[in-house]
Amino acid sequence: MTDYSLKVDNISKYFGRRLIFKELAFQINNNGILGISGSNGSGKSTLVKIIAGINSPSSGKVIHSNDNIEIIPEKLHNYLGFVSPYLVLYEEFSALENLQYFSKIRGVKFNTEKISLLLEKFLLNGRQDDLVKTYSSGMKQRLKFIFALMHNPRLIILDEPTSNLDSAGKDVVYQIIEEESSSNIVIIASNEESDLLICKNEIKLEDFKPALSA
Amino acid sequence: MVWKISLFLLMVFVSIAGIAFPIVPIPVKWYEFPLIPGLKENAKIIFFHVPTAWLSVVAFFMSTLYSFKYLKNKNLDDDAKSYAAAQLGIIFCILATITGAVWAKFAWGSFWSWDPRQTSIFALLLIYGAWFALRSSIESEEKRASLSSVYSIIAFLTVPFFVFIMPRIMKGLHPGSADDTNSGPVIDFKMNANMQLIFFLSLIGFTVLYFWMWNIGYKSIIYRDKLNKQNRG
Amino acid sequence: MTNKAYALYQKDFHSEMRTRYAVNSLAMFVIVAISVILFSVGNETITQSLTAGLFWVVIFFSAMSGLSRAFVSEEERGTTLALQLVAAPTTIFSGKLFFNIVLVFCMNIVITILYSALFDSFAIKNFGLFIVAFFFGCAGLAIASTIIAAIISKAGAKGTLYPVLSFPILLPLILTSVQLTLMAFDGSTFSDAKFELAIIICYDVIMLTASYLLFDFVWKD
């Protein structure tokens, strides 16, 4: 395993001229679970998108490095797994077609064994050839986990990972998070008590807001 | 303050001189303009029409320049500068189009005849129009700034093509264009010294006026943004 | 890079086969536009310069009815994020551009065939020149409309904005293509048309370079 490190270096984010958070900094190496909490609209999703390189911060830098070599933004997607409620997969394709196309576009080999293992874990076995539009919201959520994990990412970002899931689904997710966190970094942005319980460290976004009186 | 008053005096002088100085076949006195064959009294449009057309192009360049700067530094102030330049640009562009069309009615017999420069300024109007339509359809300030910056750079890149292909497609009618047979390059040969002087004074006056208006324009946009943000909490 | 972009093209092609959204509306648009022109022309013979102009008018508006789909469909369904997570911006742009180029070429070949069958004045004397002009004209159309499609996919008022934004950008290309088509009708030689050909090739190259450089700013939120 290579050394993977994520360093968030004093980032601030404004929407237009409105401040979302200010001078946020932390670093994680190799493995572990980090929780990000904050009320609705506090910028959790914005922060995880910035970490994933989809949004850019107004100031500061996010540095991903692998074996002490900084990963260029064009390659970052190969190290990332991302799950969120606003992630949508192609409804007109089946689960398997979705995963096949995504691995082709990513340029990695489609690993049939790994996929069937994941399908089994996420209780989707037998439904992989059905179109995604016939899926329930919980099944779609579980499919997103397969989408996020199939290319062995080093950094797994989960924005509200247990939304739309029943208790069986939640148990699977927590178990997977435990497994993955032994060798990879997992970041969870959530307000659910149970999601935050498994986190070793927690960042409260409220701490990075300017005082309201100012 | 002094320069504002002198700008005012300059513009007053240019307006009076441009309109009132007589055109005579052989200029003798300092305030007399020479007769340009084929243009006659119509020649006086040059003092007002050319500066507006010039500024609509300058504003377009500046808008693109600040768009480029925005993409480089992601500073919303650059977007405000680009926007203020484009606002003035479209005003000058409309003025140039109208003054040109009115002049063309008397000089060429019709308001519009798709001369290369008429077509180019029409294209510039279309670009400005499209740019404002794009801006008004985007809510988020950052999105608006970056998308409109990208669009203005792409639009800017098409400008050289207009310059090259228009003369190939249609005959030029403008005084001074290559196909013009009766009045040749106006600025170099047919204008006498005092006409050139008034023309360049007018050009300078309009340009200073433009930069002054642009300065006020972008500052007011920035202040308005800041006030909006404070009001929101 | 090419393989990944090609995979994206395959995905779009497969998706198009399932939904038939762009192809159907494009085909209907071409048929409607050409029949409107046929009705209004009636029994009169139209001049060659008008035919060349109308040919590119139909191409422009057909392109406007179908090409924005490449990016707008991703944005509307919310699948943009999934693409951002699996590929670099250049890959996405290449894939979408490739899809649009294929679409433009199929569409324009159909329009050309219909025109030569239905209009007597659509008589090409210099076939080689027409092919070359057609090729670079279509490529330029596809390139410029792909980057504009990316821009409008992120804006509101998507449908109405597309032709408005594209027209000034495409105007030099269309004017040059009309000139070249006319030259092909006249039977002009390549050396007569070298200026226009140089213009159209420059346009393609400049637009392609600018699109790749600027796409990052459009694609990232």
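**Figure 1. Helices α8 and α9 of chain C, packed against each other in a predicted model.** The axes of helix α8 (residues 158-186) of chain C and helix α9 (residues 194-219) of chain C come within 10 Å and cross at roughly 150°; axes here are lines fitted to C-alpha atoms, for helices over the stretch in contact, and angles run from 0 to 180 degrees between N-to-C directions. Helices (H or I, at least four residues) and strands (E, at least two) are DSSP runs, numbered from the N terminus. The crossing of α8(C) and α9(C) is left-handed, a term used if the near helix is turned anticlockwise from the far one by less than a right angle, with right-handed used if clockwise. From α8(C), the residues Pro172(C), Leu173(C), Thr176(C), Ser177(C), Gln179(C) and Leu180(C) meet Glu196(C), Ile199(C), Ile200(C) and Tyr203(C) of α9(C), where two residues are in contact if their C-beta atoms, placed from the backbone, lie within 7 Å. By class, the residues of this contact divide into 6 nonpolar, 3 polar and 1 charged; Ala, Val, Leu, Ile, Met, Phe, Trp, Tyr, Cys and Pro count as nonpolar, Asp, Glu, Lys and Arg as charged, and the others, Gly among them, as polar. This is a predicted model, in which local features need pLDDT of at least 70 and side-chain atom pairs count only at pLDDT 80 or more, while totals for chains, interfaces and linings use all residues. Residues are numbered from 1 along each chain as its sequence is written, and chains are lettered from A and ligands numbered from 1 in the order in which they are written.

**Figure 2. The contact between chain C and chain B.** Here 25 residues of chain C are in contact with 25 residues of chain B. On the side of chain C that touches chain B, the helices α7, α8 and α9 of chain C each supply at least two residues, and α8(C) gives the most, with 11 residues. That side of chain C has 21 nonpolar, 3 polar and 1 charged residues.

Figure 3. Strand β4 (residues 59-66) of chain A pairs with β5(A) in the antiparallel sense over 2 bridges, and Ser65(A) stands opposite Glu70(A) in β5(A).

**Figure 4. Parallel strands β6, β7 and β8 of chain A.** Strand β7 (residues 155-159) of chain A pairs in the parallel sense with β6(A) over 4 bridges, and β7(A) also pairs in the parallel sense with strand β8 (residues 185-189) of chain A over 5 bridges. The bridge partner of Leu80(A) in β7(A) is Leu155(A), and the bridge partner of Leu155(A) in β8(A) is Ile185(A). Since 5 of the 5 residues of β7(A) are buried, this strand is largely enclosed by the rest of the structure; a residue is buried if 20 or more other C-beta atoms lie within 10 Å of its own, exposed if 12 or fewer, and partly exposed in between, with C-beta atoms placed from the backbone. From β7(A), Leu155(A), Ile157(A) and Asp159(A) point one way, and Ile156(A) and Leu158(A) the other way. In β6(A), Leu80(A) and Phe82(A) point one way and Gly81(A) and Val83(A) the other way, and all are buried.

**Figure 5. Ile157(A) and the nonpolar cores.** Leaving aside its neighbours within four places in sequence, Ile157(A) is in contact with Val48(A), Ile51(A), Ala52(A), Leu80(A), Gly81(A), Phe82(A) and Ile187(A). The largest nonpolar core has 167 residues, and those with the most contacts inside it are Ile146(A), Ile157(A), Ile187(A) and Ile151(C); such a core is a set of buried Ala, Val, Leu, Ile, Met, Phe, Trp, Tyr and Cys residues joined through C-beta atoms within 7 Å. Helix α7 (residues 127-153) of chain C supplies the largest share of this core, 16 residues. A second, separate core of 8 residues includes Val14(B), Phe33(B), Ile46(B) and Met195(B).

Key:
Two strands pair if DSSP finds at least two bridges between them.
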